[in-house]
Amino acid sequence: MKLIYTGKTKNVYSLENGNYLLKFKDDCTGKDGVFDPGENSIGLTIDGVGAVNLRMSVYFFEKINKAGIRTHFVSADMKNVTMEVLPAKVFGNGLEVICRLKAVGSFTRRYGEYVKEGSDLPAYVETTFKNDAKGDPLVTKDGLSALHVMTGRQYDEIKRMTKKITAIVADEMKKRGLDLYDIKFEFGYDADGKVMLIDEIASGNMRVYKDGKYIDPMTLSELFFRK
(Lines give C-alpha, C1' and ligand atoms only; values in the text may rest on other atoms or scores of the structure.)
Protein backbone atom coordinates (compact mmCIF):
# COMPACT_ATOMS: atom_id res chain seq x y z
CA MET A 1 0.00 0.00 0.00
CA LYS A 2 1.15 3.50 -0.82
CA LEU A 3 -0.35 6.64 0.74
CA ILE A 4 -1.41 8.95 -2.07
CA TYR A 5 -3.75 11.41 -0.37
CA THR A 6 -4.42 12.62 3.16
CA GLY A 7 -8.01 13.85 3.49
CA LYS A 8 -10.02 15.43 6.28
CA THR A 9 -11.96 12.30 7.20
CA LYS A 10 -10.11 9.58 5.22
CA ASN A 11 -6.68 8.69 3.89
CA VAL A 12 -6.34 7.13 0.43
CA TYR A 13 -3.87 4.37 -0.47
CA SER A 14 -3.11 2.71 -3.82
CA LEU A 15 -3.28 -1.09 -4.02
CA GLU A 16 -1.30 -3.46 -6.21
CA ASN A 17 -4.46 -4.63 -8.00
CA GLY A 18 -5.09 -1.11 -9.33
CA ASN A 19 -7.85 -0.30 -6.85
CA TYR A 20 -7.65 2.09 -3.91
CA LEU A 21 -8.08 1.70 -0.16
CA LEU A 22 -9.88 4.30 1.96
CA LYS A 23 -8.88 4.42 5.63
CA PHE A 24 -11.62 6.08 7.70
CA LYS A 25 -10.65 8.53 10.46
CA ASP A 26 -12.45 9.78 13.57
CA ASP A 27 -12.26 13.41 12.42
CA CYS A 28 -15.44 15.34 11.55
CA THR A 29 -16.12 18.61 9.77
CA GLY A 30 -17.50 21.41 11.91
CA LYS A 31 -16.72 24.64 13.71
CA ASP A 32 -15.87 25.47 17.33
CA GLY A 33 -16.28 21.84 18.35
CA VAL A 34 -19.74 21.48 16.80
CA PHE A 35 -20.35 19.03 13.95
CA ASP A 36 -21.57 20.51 10.66
CA PRO A 37 -21.46 18.55 7.38
CA GLY A 38 -21.58 21.87 5.52
CA GLU A 39 -18.30 23.12 7.00
CA ASN A 40 -15.07 22.78 5.02
CA SER A 41 -12.65 22.20 7.90
CA ILE A 42 -12.17 19.69 10.70
CA GLY A 43 -13.93 20.93 13.81
CA LEU A 44 -13.79 17.97 16.15
CA THR A 45 -12.81 14.35 16.64
CA ILE A 46 -15.38 11.78 17.75
CA ASP A 47 -13.92 8.49 18.96
CA GLY A 48 -15.20 5.60 16.85
CA VAL A 49 -16.97 7.70 14.23
CA GLY A 50 -14.73 6.32 11.46
CA ALA A 51 -15.97 2.75 12.05
CA VAL A 52 -19.54 3.99 12.32
CA ASN A 53 -19.25 5.89 9.04
CA LEU A 54 -17.81 2.85 7.31
CA ARG A 55 -20.62 0.62 8.54
CA MET A 56 -23.29 2.98 7.23
CA SER A 57 -21.41 3.51 3.97
CA VAL A 58 -21.28 -0.22 3.32
CA TYR A 59 -24.98 -0.56 4.11
CA PHE A 60 -25.97 2.10 1.59
CA PHE A 61 -23.43 1.24 -1.10
CA GLU A 62 -24.76 -2.30 -1.20
CA LYS A 63 -28.35 -1.02 -1.53
CA ILE A 64 -27.39 1.49 -4.21
CA ASN A 65 -25.43 -1.07 -6.21
CA LYS A 66 -28.41 -3.41 -6.00
CA ALA A 67 -30.61 -0.61 -7.38
CA GLY A 68 -28.39 -0.52 -10.49
CA ILE A 69 -26.65 2.77 -9.68
CA ARG A 70 -22.89 2.82 -10.34
CA THR A 71 -20.59 3.27 -7.33
CA HIS A 72 -16.90 2.73 -6.63
CA PHE A 73 -17.55 0.29 -3.75
CA VAL A 74 -15.80 -3.11 -3.90
CA SER A 75 -15.53 -4.41 -0.33
CA ALA A 76 -14.86 -3.36 3.26
CA ASP A 77 -12.80 -4.49 6.25
CA MET A 78 -14.63 -3.41 9.41
CA LYS A 79 -11.79 -4.51 11.69
CA ASN A 80 -9.26 -2.22 10.01
CA VAL A 81 -11.87 0.46 9.18
CA THR A 82 -11.03 0.39 5.48
CA MET A 83 -12.94 0.19 2.21
CA GLU A 84 -11.60 -1.00 -1.16
CA VAL A 85 -12.87 1.02 -4.10
CA LEU A 86 -12.55 1.18 -7.87
CA PRO A 87 -10.30 3.86 -9.38
CA ALA A 88 -12.11 7.03 -10.36
CA LYS A 89 -11.16 10.54 -11.36
CA VAL A 90 -12.76 13.45 -9.55
CA PHE A 91 -14.34 16.34 -11.41
CA GLY A 92 -11.97 19.29 -11.51
CA ASN A 93 -10.13 19.52 -8.20
CA GLY A 94 -13.08 17.98 -6.38
CA LEU A 95 -16.80 18.66 -6.44
CA GLU A 96 -19.47 18.19 -3.80
CA VAL A 97 -23.11 17.54 -4.66
CA ILE A 98 -25.74 18.37 -2.03
CA CYS A 99 -29.35 17.26 -2.14
CA ARG A 100 -31.68 19.22 0.14
CA LEU A 101 -35.09 17.98 1.26
CA LYS A 102 -35.46 20.67 3.94
CA ALA A 103 -34.06 24.19 4.25
CA VAL A 104 -31.30 24.12 6.85
CA GLY A 105 -27.68 25.10 7.41
CA SER A 106 -25.92 27.09 4.69
CA PHE A 107 -29.08 27.10 2.58
CA THR A 108 -30.99 29.22 5.09
CA ARG A 109 -27.90 31.33 5.77
CA ARG A 110 -27.85 32.21 2.07
CA TYR A 111 -31.56 32.40 1.34
CA GLY A 112 -33.14 33.13 4.71
CA GLU A 113 -35.07 36.10 3.37
CA TYR A 114 -36.96 33.74 1.05
CA VAL A 115 -37.35 30.58 3.10
CA LYS A 116 -37.90 29.55 6.71
CA GLU A 117 -35.72 27.02 8.55
CA GLY A 118 -37.09 23.52 8.07
CA SER A 119 -39.24 24.35 5.04
CA ASP A 120 -39.73 21.57 2.49
CA LEU A 121 -37.56 21.59 -0.64
CA PRO A 122 -38.15 19.50 -3.80
CA ALA A 123 -34.96 17.38 -3.60
CA TYR A 124 -33.01 20.52 -4.50
CA VAL A 125 -29.58 19.67 -5.94
CA GLU A 126 -26.63 22.07 -5.81
CA THR A 127 -22.94 21.69 -6.62
CA THR A 128 -19.95 23.31 -4.94
CA PHE A 129 -16.25 23.24 -5.68
CA LYS A 130 -14.12 21.73 -2.90
CA ASN A 131 -12.02 24.75 -2.01
CA ASP A 132 -11.51 25.55 1.67
CA ALA A 133 -9.92 28.95 1.05
CA LYS A 134 -12.92 30.12 -0.99
CA GLY A 135 -15.57 28.54 1.22
CA ASP A 136 -16.62 25.84 -1.28
CA PRO A 137 -18.19 28.18 -3.85
CA LEU A 138 -21.44 27.24 -5.57
CA VAL A 139 -21.24 26.46 -9.29
CA THR A 140 -24.03 25.92 -11.83
CA LYS A 141 -24.41 23.41 -14.66
CA ASP A 142 -23.48 26.09 -17.18
CA GLY A 143 -20.47 27.07 -15.09
CA LEU A 144 -19.22 23.49 -14.88
CA SER A 145 -19.56 23.14 -18.65
CA ALA A 146 -17.92 26.50 -19.42
CA LEU A 147 -15.00 25.64 -17.14
CA HIS A 148 -14.67 22.21 -18.81
CA VAL A 149 -15.09 20.44 -15.48
CA MET A 150 -17.83 18.18 -16.86
CA THR A 151 -20.22 17.92 -19.77
CA GLY A 152 -23.87 18.86 -19.57
CA ARG A 153 -24.71 15.18 -20.02
CA GLN A 154 -22.52 14.21 -17.05
CA TYR A 155 -24.17 16.89 -14.92
CA ASP A 156 -27.64 15.61 -15.83
CA GLU A 157 -26.56 12.07 -14.95
CA ILE A 158 -25.17 13.20 -11.58
CA LYS A 159 -28.37 15.08 -10.79
CA ARG A 160 -30.50 12.07 -11.71
CA MET A 161 -28.32 9.72 -9.63
CA THR A 162 -28.30 12.16 -6.70
CA LYS A 163 -32.09 12.27 -6.53
CA LYS A 164 -32.35 8.46 -6.72
CA ILE A 165 -29.70 7.89 -4.05
CA THR A 166 -31.20 10.53 -1.77
CA ALA A 167 -34.59 8.83 -2.06
CA ILE A 168 -33.03 5.51 -1.02
CA VAL A 169 -31.36 7.08 2.03
CA ALA A 170 -34.48 9.07 2.99
CA ASP A 171 -36.66 5.94 2.75
CA GLU A 172 -34.32 3.99 5.02
CA MET A 173 -34.33 6.84 7.54
CA LYS A 174 -38.12 7.09 7.42
CA LYS A 175 -38.44 3.38 8.26
CA ARG A 176 -36.68 4.21 11.52
CA GLY A 177 -38.74 7.29 12.34
CA LEU A 178 -36.00 9.65 11.17
CA ASP A 179 -36.16 12.58 8.74
CA LEU A 180 -33.36 13.27 6.26
CA TYR A 181 -32.95 17.05 5.75
CA ASP A 182 -29.93 17.10 3.45
CA ILE A 183 -27.04 14.92 2.31
CA LYS A 184 -23.69 15.49 0.64
CA PHE A 185 -22.22 13.26 -2.09
CA GLU A 186 -19.15 13.09 -4.28
CA PHE A 187 -19.04 11.70 -7.79
CA GLY A 188 -16.23 10.70 -10.12
CA TYR A 189 -15.84 8.99 -13.47
CA ASP A 190 -14.03 5.96 -14.84
CA ALA A 191 -11.67 5.63 -17.81
CA ASP A 192 -14.67 5.63 -20.16
CA GLY A 193 -16.13 8.80 -18.68
CA LYS A 194 -18.97 6.97 -16.95
CA VAL A 195 -20.16 8.65 -13.75
CA MET A 196 -20.10 6.80 -10.43
CA LEU A 197 -20.79 7.63 -6.80
CA ILE A 198 -17.56 7.80 -4.79
CA ASP A 199 -16.36 8.68 -1.27
CA GLU A 200 -18.79 7.66 1.50
CA ILE A 201 -22.45 7.72 2.52
CA ALA A 202 -22.28 8.20 6.25
CA SER A 203 -23.90 9.98 9.18
CA GLY A 204 -21.14 12.59 8.97
CA ASN A 205 -22.31 13.59 5.48
CA MET A 206 -25.97 14.19 6.25
CA ARG A 207 -28.32 16.07 8.52
CA VAL A 208 -31.04 13.92 10.06
CA TYR A 209 -33.73 14.97 12.52
CA LYS A 210 -36.11 13.12 14.81
CA ASP A 211 -39.29 14.86 15.97
CA GLY A 212 -37.84 18.15 14.75
CA LYS A 213 -34.58 17.79 16.68
CA TYR A 214 -31.17 17.35 15.08
CA ILE A 215 -29.43 13.99 15.63
CA ASP A 216 -25.63 14.01 15.96
CA PRO A 217 -23.65 11.49 13.83
CA MET A 218 -22.93 8.95 16.57
CA THR A 219 -26.50 8.98 17.90
CA LEU A 220 -27.82 8.71 14.35
CA SER A 221 -25.79 5.58 13.69
CA GLU A 222 -26.94 4.06 16.98
CA LEU A 223 -30.58 4.74 16.11
CA PHE A 224 -30.14 3.56 12.52
CA PHE A 225 -28.65 0.19 13.43
CA ARG A 226 -30.73 -0.38 16.57
CA LYS A 227 -32.30 -3.84 16.50
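**Reading local features**

Mentor: T82 is found in strand β8, residues 82-85. Strands (E, at least two residues) and helices (H or I, at least four) are DSSP runs, numbered from the N terminus. This is a predicted model: local features need pLDDT of at least 70, side-chain atom pairs count only at pLDDT 80 or more, and totals for chains, interfaces and linings use all residues. Residues are numbered from 1 along each chain as its sequence is written, and side-chain values use heavy atoms, with hydrogens and water left out.

Trainee: Is T82 buried or exposed?

Mentor: Buried means under 20% relative accessible area, exposed over 50%, partly exposed in between (1.4 Å probe, protein chains only). T82 has 10% relative accessibility, so it counts as buried.

Trainee: Which residues does T82 touch?

Mentor: Contact means heavy atoms within 4.5 Å. Not counting residues up to four places away in sequence, T82 touches L21, L22, K23, L54, A76 and D77.

Trainee: Where is A88?

Mentor: A88 sits in the loop between β8 and β9 (89-90). A88 counts as partly exposed because its relative accessibility is 32%. Leaving aside neighbours within four places in sequence, A88 contacts Y189, M196 and I198. A88 and Y189 are 101 residues apart in sequence, yet 5.2 Å apart C-alpha to C-alpha.

Trainee: How many residues of helix α5 are buried?

Mentor: Six of the eight residues in α5 (217-224) are buried, so the helix is mostly covered. The buried ones are P217, M218, L220, S221, L223 and F224. At the start of α5, a side-chain oxygen of D216 comes within 3.1 Å of the backbone nitrogen of M218.

How values were computed:
Polar contact = N/O pair within 3.5 Å; in protein donor to acceptor, adjacent residues only side chain to side chain.
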